[in-house]
Amino acid sequence: TEATDCPCGEPLQTRAHIIQECPLYEEDREVLRSFDRDLSLQRLLGEPEGIEALAEFIRRSDAFTKTPDRETHPGGSTS
């Protein structure tokens with residue numbers, strides 16, 4: 001079975017946790033906040049500009065990967 005906990009210690013890693021709360025991705029959320037300061041999932045997932053911001057967040061942070069490299073690149077990917 002696949003683990004459902006977050007590397008930050010949260011017992012359940014959900015999309016809302018990663019996008020809105022996880023301290024491992026705090027620095028990377030800047031790109032999301034530039035679109036919506038409140039990090040509304042409805043806006044981020046439902047509007048074209050929100051989807052673009054979310055794609056950039058994922059690219060920068062490696063969020064939603066099976067094994068994100070947060071130890072090597074705290075605050076996001078540097079490549």
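## R29, tucked away in a loop

R29 is buried, with a relative accessible area of 0%. "Buried" here means under 20% relative accessible area, while exposed means over 50% and partly exposed is anything in between (1.4 Å probe, protein chains only). You'll find R29 in the loop between α1 (15–21) and α2 (30–33). Helices (H or I, at least four residues) and strands (E, at least two) are DSSP runs, numbered from the N terminus.

What does R29 touch, leaving out residues up to four places away in sequence? The list is H17, I18, I19, Q20, E21, C22, L39 and F57, where a contact means heavy atoms within 4.5 Å. A polar atom of the R29 side chain also sits 3.1 Å from the backbone oxygen of I18. For a polar contact, you need a pair of N or O atoms within 3.5 Å; within protein, one must be able to donate a hydrogen and the other to accept it, and residues adjacent in sequence count only if both atoms are side-chain atoms.

## What you're looking at

This is a predicted model, in which local features need pLDDT of at least 70 and side-chain atom pairs count only at pLDDT 80 or more, though totals for chains, interfaces and linings use all residues. Residues are numbered from 1 along each chain as its sequence is written, and side-chain values use heavy atoms, with hydrogens and water left out.

The protein has four helices and zero strands, so its elements read α-α-α-α from the N terminus on. Of its 79 residues, 32% are buried. Take the contacts between residues at least 6 apart in sequence: 32% of them join residues at least 24 apart.

## The core and its ring pair

The largest nonpolar core has 15 residues, and I19, Y25, L32, L44 and F57 touch the most other members. Such a core is a set of buried Ala, Val, Leu, Ile, Met, Phe, Trp, Tyr and Cys residues joined through side-chain atoms within 4.5 Å. Helices α1, α2, α3 (41–46) and α4 each give two or more residues to this core, and the largest share, three residues, comes from α4. In soluble globular proteins, nonpolar side chains tend to be buried together.

Now for the rings: there is one aromatic pair. The ring centres of Y25 and F57 are 6.1 Å apart and their planes meet at 65 degrees, so the pair is edge-to-face. The rule is that rings of Phe, Tyr and Trp (its six-membered ring) pair if their centres lie within 6.5 Å, with planes under 30 degrees apart called stacked, over 60 edge-to-face and the rest tilted. This pair links distant parts of the chain, since Y25 is in the loop between α1 and α2 and F57 is in helix α4 (residues 48–61), 32 residues apart. Y25 is buried at 2% relative accessibility, and F57 is buried at 0%.

T14 belongs to the segment before α1 and is partly exposed, at 32% relative accessibility. The T14 side chain reaches the backbone nitrogen of H17 at 3.0 Å. T14 and F64 are 50 residues apart in sequence, but 9.4 Å apart in space, C-alpha to C-alpha.
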